[in-house]
Amino acid sequence: MFIAWLLLFKSLIAFILVNASVVGLEWTQYHNLDEIYEWLSELETKFSPLVTVYTIGYSYENRPIKAIKISSQPGNQAIFMESNIHAIEWISSAASTCFVDKLLHSDDKNLQDLLLRYDWFLVPVMNPDGFTYTHEINRWWRKNRKPTGFSNETGPCYGTDLNRNFNYEWKKSGFPISDPCDHWYHGSGPDTEPEVLALQNFINQFEDDYIRLYLAMHAYGNFVLLPYGHTSDIFPPNYDQMMRIAQGFADAAIKSYNTTFQCGASGLLNYSGYVSGDAKDWIYAVKNVPFAATIELRDNGRYGFLLPADQIVEVCTELTDGMVGLIKAAEMERVLTPKV
């Protein structure tokens, strides 16, 4: 009876996917916030009840922060992704949305199994104010757009680096980022930014052990960065296990374009030095999610943050291959246990 139900369910999912083509995003160019949100709405309309779109909160300038959930069956464990917490890193939202599109449309059995066996979450633009600012005014902007209340010779200073504002080892180490006008300013205290609070409140509603993998999409450098970011001397209890899972990503991501990813604690590998109060460390240490990583996508610095749009599809392929490898490794390590 169960096998018959499973086959029927898979057939239903296949029917929904084949008959629910979505137009809106083309991964040959970078898209703005409105275009990404319109695409999310189309997904929800055409893939219902498989897809749900949430507004998890609002930015300082009152833009919605949206998340998509893809769930094929009750009882699945969840994989959570977020991107564009740094406004300048356009490839992060481009590649993550492209990955979701592949997940929903692929006839590859590996991706179909991932779609069926796990719930998927993506917050494509964690920093909508900063992201909009990079499209309209300053391509090099990184932070959110909340005023700091301070000024320098250029005028009023705006913004906090959201990935340094989480309440785990906040302000512990790193660049001298207490200057409210600094590019990496960590905020006047932990958890001061509405975007950070929105993500935390959304995650806090879920039961313990539901979210098993947390992946923060960033650029650039070709790294899989693990906890912790604030030190090079202290490592998580299951660091060796996380390294094996991270290596599963790297071993798979290399196959299409020979792109090499380095794996290890961000305190060891991060080219920008120590990072305190970042999302992956908070989700691992405070929420006890057993695997959390920052994935730094292409490239190694030739183009850096200005990666040409004609590389989006290749980065998406690397990410997709890497995700398949990572999840297989997580299953081998029993961090993930598929329902079917």
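Reply: Pro128 is a residue of helix α5 in this predicted model. Its relative accessibility is 0%, and because buried means under 20% relative accessible area, Pro128 counts as buried. Beyond its neighbours within four places in sequence, Pro128 is in contact with Leu33, Tyr37, Ser59, Arg63, Pro64 and Ile65. As a reference for position in the fold, the C-alpha atom of Pro128 lies 26 Å from that of Val289, a residue 161 places away in sequence.

Two of those contacts, Leu33 and Tyr37, belong to a meeting of helices: Leu33, Ile36 and Tyr37 in α2 meet Pro128, Phe131 and Thr132 in α5. By class, this contact of α2 with α5 has five nonpolar residues, one polar residue and no charged residues. Two packed helices are described by the angle between their axes and the distance between the axes. For helix α2 (residues 33–47) and helix α5 (residues 128–136), the angle is about 125° and the axes are 10 Å apart. The arrangement of α2 is therefore oblique to α5.

The sheet comes next. It is open and has eight strands, in the order β1-β2-β4-β3-β7-β10-β8-β9, with mixed pairing. Strands β1 (51–58) and β9 (262–265) stand at the edges; each has a single partner strand, so one side of each is left without a neighbour in the sheet. From one strand to the next, the twist averages 20°.

Within that order, β3 is placed between β4 and β7. Strands of a sheet pair through backbone hydrogen bonds, either parallel or antiparallel. Strand β3 (residues 77–83) pairs with strand β4 (residues 118–123) in the parallel sense, over six bridges. Along this pairing, Ala78 stands opposite Asp119 in β4, and Met81 stands opposite Leu122 in β4. With strand β7 (residues 211–219), β3 also runs parallel, and six bridges join the two. There, Ser83 stands opposite Met217 in β7.

Strand β3 is mostly covered, with seven of its seven residues buried. Gln77, Ile79, Met81 and Ser83 point one way from the strand, whereas Ala78, Phe80 and Glu82 point the other way, and all are buried.

Helix α4 (residues 109–117) touches β2 (64–70) and β4, and its direction makes about 90° with that of β4. Helix α7 (residues 239–257) packs on the sheet as well, touching β8 (223–226), β9 and β10 (291–297), and its direction makes about 160° with that of β9. In α4, the buried residues include Leu111, Asp113, Leu114, Leu115 and Leu116. At the start of α4, a side-chain oxygen of Asp108 reaches to within 2.9 Å of the backbone nitrogen of Asn110.

Two further residues complete the picture. Lys280 is found in helix α9 (residues 279–285). With a relative accessibility of 0%, Lys280 counts as buried. Its side chain makes a polar contact of 2.8 Å with the side chain of Asp278 and another, of 2.9 Å, with the side chain of Asp281. Not counting residues up to four places away in sequence, Lys280 touches Leu225, Leu226, Pro227, Tyr228, Gly229, Ser266, Ala292, Ala293 and Thr294.

Ser178, by contrast, is placed in the loop between β6 (155–158) and α6 (194–204). Its relative accessible area is 43%, which means that Ser178 is partly exposed. Apart from neighbours within four places in sequence, Ser178 is in contact with Lys171, Tyr185 and His186. With His186, the link is also a polar contact, of 3.4 Å, between the two side chains. The C-alpha atoms of Ser178 and Ser188 are separated by 7.8 Å, the two residues being ten apart along the chain.

To return to the part with which this account began, Pro128 is buried and belongs to the contact of α5 with α2.

Methods. Residues numbered from 1 in each chain as written. Predicted model: local features only at pLDDT ≥ 70, side-chain atom pairs only at ≥ 80, totals over all residues. Heavy atoms only, no water. Helix = DSSP H or I, 4+ residues; strand = E, 2+ residues; numbered from the N terminus. Buried < 20%, exposed > 50% of the residue type's maximum accessible area, 1.4 Å probe, protein only. Polar contact = N/O pair within 3.5 Å; in protein donor to acceptor, adjacent residues only side chain to side chain. Contact = heavy atoms within 4.5 Å. Pairing = 2+ DSSP bridges. Axes fitted to C-alpha atoms, helices over the stretch in contact; angles between N-to-C directions. Parallel < 35°, antiparallel > 145°, perpendicular 65-115°, else oblique. Nonpolar A, V, L, I, M, F, W, Y, C, P; charged D, E, K, R; others polar.
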